[in-house]
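This report concerns a predicted model and considers one chain together with its contacts. Please view the sequence and structure below before reading on.

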Amino acid sequence: MEHSTLELQGLRIEGRAGALVEDVDLQLRRGQVCALVGSSGSGKSLTCLGSLDLLPAGLTRTHGQLLLDGQALPAAQVRGRVASLVLQNPRSAFNPVRNMASHAQETLKLRGIGGTAARARMAQCLEAVGLVDRERVLQAFAFQLSGGMLQRMMIALALMAQTPFLLADEPTSDLDALSQARFLDLLMELVQQHGLGVLLVTHDMGVVARCADHVAVMDAGRIVERQTVHGLFERPASTASRTLLDAHQILAGSTP
Amino acid sequence: MLRYILLRLVLLVPVMLGVSLLVFVLLHLGSTDPALDYLRLSHIPPTDAAIAEVRHALGLDRPLYAQYLSWLWKALQLDFGTSYLTGRPVFDDLLYYLPATLQLGGLALACTLLLSIPLGLVAARWQGRWPDHAVRAVTFLGVSMPNFWLAFLLIALFSLWLGWLPPLGRGGAGHLVMPVLAIALMSMSINARLLRASLLEASGQRHVTYARARGLPARQVWGSHVLRNAWLPLVTATGMHIGELIGGALVIETIFAWPGVGRFAVSAVLNRDFPVMQCFTLLLTGLLMVCNLVVDVCYAWLDPRSRLEGVSA
Amino acid sequence: MSVVALLRRPALAGQNSLMIGLVLVSLLALLAVFGQWLAPHDPDLVDLGQRLLPPDSSHWLGTDHLGRDLLSRLIVGTQLSLGSVMLTLALVLLLGLLVGGVSGFLGGKVDLLLMRLCDMFMTFPTLVLAFFFVTLLGTGLSNVVIAIALSHWAWYARMVRGMVIAQRGREYVLASRLAGASRWARLRQHVLPNIAGPLLVLATMDIGHMMLHVSGLSFLGLGVTPPAAEWGVMINDAKEFIWTHPQLLLLPGLMIFFSVMAFNLLGDALRDRLDPTREVH
């Protein structure tokens, strides 16, 4: 399979008060889900955004490299071509004055697809993510669609961009339980059928249990543990992961 | 979209009626008796008989609502009465002077937009560096400067000292430069600052991050996602600017002996010529209302949120 | 947030502007209050034998067309110009607080009616409305203050109403209601102190604007009238001497410019402190 691995090496992000993320390495493989977990403030979202050079003002990435199949690539070439992004709170991720169709058209135009071929591809991708009322969704603006639908739209855009990898930053945090379940089902379907390689940033161990193959645990800006999902749940090595698991067990009452 | 426009047009009517009623009521709450003013301006001694006669002639002895309705009826036929001072029909006179004012106001608006946009863009694009500081300094000065003082400075510089431009009157392009600049400076400064702030805010928004994340080139992100969204506050502000520009034109006209409604209105105020003031107020307010309508329509066209009653699915 | 809390915020990038603004405004205030004693000559003393003198040791800035000392008139003008603006501001705030406060706090039909009235007033171009009120009331200081106040109040009423509505729903107000406090006690103790700060900032940002309108109307002869030493009036008086004695026109205008700048600086700095999360200014 071409483009089989995407690696992040040595990510370091600095803010006004010092280093917020340090020495972070991650490996993504096609057809597998790597979960990045940690409590709030551990730096997971920053890692996700920082790897693609999308940090907000006031924060800078001082170190870090992306490697596709071992070849270094600048973030600008990875964005939208090698890796797509799915964000938490999807409503604010779409331009409020443009409809879904225009977002889709932009994305497809980057791939050189326009006109009728574009409309066909849009229909295809919307169907793949389970957005059935295609015309209405495409004509709609962000404020007219629910969180769940917008989240799916983001995946649809990722499919249109045909990127082999997907970085998902807490995609289910703003969704209700049913939408969450549906979204994760969709994600797993894409991983299994299209060989999508996913980085799933989350603080919810239930999501990890359900979707992840590998887990990296972050605490205070560093990766403190790396394990397969089973290994993490059975033999958590770091205090951070133990805290997360305990909290999860209190809420959910069981291990996978 | 069309429905929105029609709706707004229809809503214009009750507002205009309300405004005219307000003006009418305020005039009648005013401190002087219009009959006395009329007599004074006609140089007729105010004997009791004369007052009673004038009151009857002007219809001031009827109940208030009757007076309003008869006034309204005549107004709809564009008969706003005659000036106490000149005795000529008010509406005709105002209409005669209006185009000159509209010329100044219109050009000042164009000037505001044309100058403020590049300034705002430059300041946002090079935020924190010297172009930004320069623009912020200039606009700060522009916002603080009295327009009538600026007008004199311009006259002193361009007419008296350099002799490039004529100091007075209406004529060719040369006559327009200074009045338009004097009127436009403040609005232009406000607009430039507004655009700068709007651009900076728009570029920090999440949908811009997402657009970049999808691999869109920087230029496209700037054009389609930052600029496109940053226009909105400016459109809203244009309505406010028009009101201020009208006010500015009124003041500046007197300095440049510009034959517009400004000078006409100032003499009406000093002479307390009520019919003229009533028509003047309503005419200019009506003009502003129509301009605001156009602005709102533009806004609705740019921002679908304001015209769609859509609720989330 | 209260005014005190506003001023106690930790130092930010705009601190310099705040200090400068405060200093300048204080200077103006001092001039306004003590001007009469600081002026070297009687600003109203007409002496036709001394008219249109250039600057000399006795008259540092020269005299005007009626022989009055320019410097003295400029200094005393501070009182008149600043004073009229402050009076206007006080009236605007009063009207705004009254209408906006009642409207926001009582809600219902009262709110609807008052806001319709506000909307009506906001439909007029400001200066046109001011012209209208001056026609009704006549010229002169008190009338121009009322005229400008009546043209400006509606916006403030809307602002106050918005703030009151926002505050009404806050926890401490609801808690106070549960504790049995009367409506007016709630308004006085909880709502008003919390809107004073932001309202102050808005007013400061607007003072410059009002000052330009007041002096503009006086310039046209529709406001404060001669022989008053108001800066706008002085510019009007000096129109014909622009070529021969430009300082008679330039200097009063400079005073207006300077004052408006000072208030704008202060207003900007206060606004930045009120909302430090905004990095845009």
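What percentage of the 313 residues of chain B count as buried? The share is 40%, where a buried residue has 20 or more other C-beta atoms, placed from the backbone, within 10 Å of its own.

## Basis of the model

The model is predicted, with local features requiring pLDDT of at least 70, side-chain atom pairs counting only at pLDDT 80 or more, and totals for chains, interfaces and linings using all residues. Residues are numbered from 1 along each chain as its sequence is written, while chains are lettered from A and ligands numbered from 1 in the order in which they are written.

## Confidence

For chain B the mean pLDDT (the predictor's confidence in each residue, from 0 to 100) is 86, and 96% of the residues reach 70 or more. Where pLDDT is low, the predicted coordinates should not be read in detail.

## Fold of chain B

Chain B contains twelve helices and zero strands, these being DSSP runs numbered from the N terminus (helices: H or I, at least four residues; strands: E, at least two). Its C-alpha atoms fill a box of roughly 85 × 65 × 30 Å along the principal axes. Two residues are in contact if their C-beta atoms, placed from the backbone, lie within 7 Å. Among contacts in chain B between residues at least 6 apart in sequence, 73% join residues at least 24 apart.

Helix H4(B), residues 64-76, reaches 18 Å from its first C-alpha to its last. That is close to the 18 Å expected for its 13 residues, the expected span being 1.5 Å times one less than the number of residues. H4(B) is hardly covered, with one buried residue among its 13. Leu78(B), which follows H4(B), has a positive phi near 60°.

## Contacts between chains

Of the two pairs of chains in contact, chains B and C share the most contacts. Chain A and chain C are joined by no contact; their closest C-alpha atoms lie 10 Å apart.

The contact between chains B and C involves 40 residues from chain B and 34 residues from chain C. On the side of chain B that touches chain C, the largest share, seven residues, comes from H12(B). This side divides into 29 nonpolar, nine polar and two charged residues. Here Ala, Val, Leu, Ile, Met, Phe, Trp, Tyr, Cys and Pro count as nonpolar, Asp, Glu, Lys and Arg as charged, and the others, Gly among them, as polar.

Terms used:
Buried ≥ 20, exposed ≤ 12 C-beta atoms within 10 Å, placed from the backbone.
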